Amino acid sequence: MPEGMTIRAAQPADAGLLLDVWLASVRATHHFLSEQDIQTLLPVVRDQALPVLELWVLIKEEAIIGFAGLSEDKIEALFLHPDHFGKGGGRMLVEHARRLKGRLRVDVNEQNPKAVGFYTAVGFEVVGRSETDDQGRPFPLLHMREASLPWDRTSDPVGSD
């Protein structure tokens, strides 16, 4: 576990800070989005996406520095404040989600190569692609899931020994 970082369940009072983290992270990593795209997404994230996700926040020195949003076995959101990129927080959030949900899935914007590289580094592989995002916009998604391990019985469709 990275030194000084902890994870806790999100609380209603965290909503504004989570949105601040989302905004800073998207501006730093989603270079394919215009500022108009980001401003269009902001109320959708605030009012529709975050309220329905199981949210876990990453804390360092009593400040929220990142979060993950889960829906069943899928990571629907994972964002870190740019000041904390590359310090183990993203991996820590994925490992927390894995402990809670088991083998995970995630959709990643193809135009965000750092995110694709991150998920590959933490054990995911591409299993599909969509030309558009979930809202039908021209932002291709890579569908990823955790790679099967040779001893992983979930990879054996008939369950034989």
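Mentor: On a 1 Å grid over the protein atoms alone, a pocket is an open set of points with protein on both sides within 12 Å along at least five of seven lines, and its lining residues have an atom within 4 Å of a point. This model is predicted: local features need pLDDT of at least 70, side-chain atom pairs count only at pLDDT 80 or more, and totals for chains, interfaces and linings use all residues. Residues are numbered from 1 along each chain as its sequence is written, and side-chain values use heavy atoms, without hydrogens and water.

Trainee: What volume does the largest pocket have?

Mentor: A volume is the space filled by probe spheres set on the points, which are joined across faces, edges and corners. The largest pocket has about 1,200 Å³. Of its 48 lining residues, H30, E76, L78, F79 and N109 are closest to the centre. The strand β4 supplies the largest share of this lining, seven residues. (Helices, H or I with at least four residues, and strands, E with at least two, are DSSP runs numbered from the N terminus.)

Trainee: And what volume does the second largest pocket have?

Mentor: About 210 Å³. Its lining has 13 residues, with A15, L18, L50, P51 and L55 nearest the centre. Here α1 gives the largest share, four residues.

Trainee: Which residues have the most contacts inside the largest nonpolar core?

Mentor: In soluble globular proteins, nonpolar side chains tend to be buried together. A nonpolar core is a set of buried Ala, Val, Leu, Ile, Met, Phe, Trp, Tyr and Cys residues joined through side-chain atoms within 4.5 Å; buried means under 20% relative accessible area, exposed over 50% (1.4 Å probe, protein chains only). The largest core has 23 residues, and I75, V94, Y119 and F124 have the most contacts inside it. The helix α3 (89-101) gives the most to this core, four residues. A second, separate core has 22 residues, including W22, F32, V45 and I64.

Trainee: Which residues does Y119 touch?

Mentor: Leaving aside residues up to four places away in sequence, Y119 touches I75, L78, V94, V106, V108, F124 and M144. Touching, or contact, means heavy atoms within 4.5 Å.

Trainee: Which residues of α4 are buried?

Mentor: An α-helix has 3.6 residues a turn, so residues three or four places apart point the same way. In α4, the buried residues are A115, V116 and Y119. They cover an arc of only 100° around the axis (taken from the directions to the C-beta atoms), which puts them on the same side of α4. On the other side, P113, K114 and A121 are exposed.

Notes
On a 1 Å grid over the protein atoms alone, a cavity is a set of points where a 1.4 Å probe fits but cannot get out, and a pocket is an open set with protein on both sides within 12 Å along at least five of seven lines; lining residues have an atom within 4 Å of a point.
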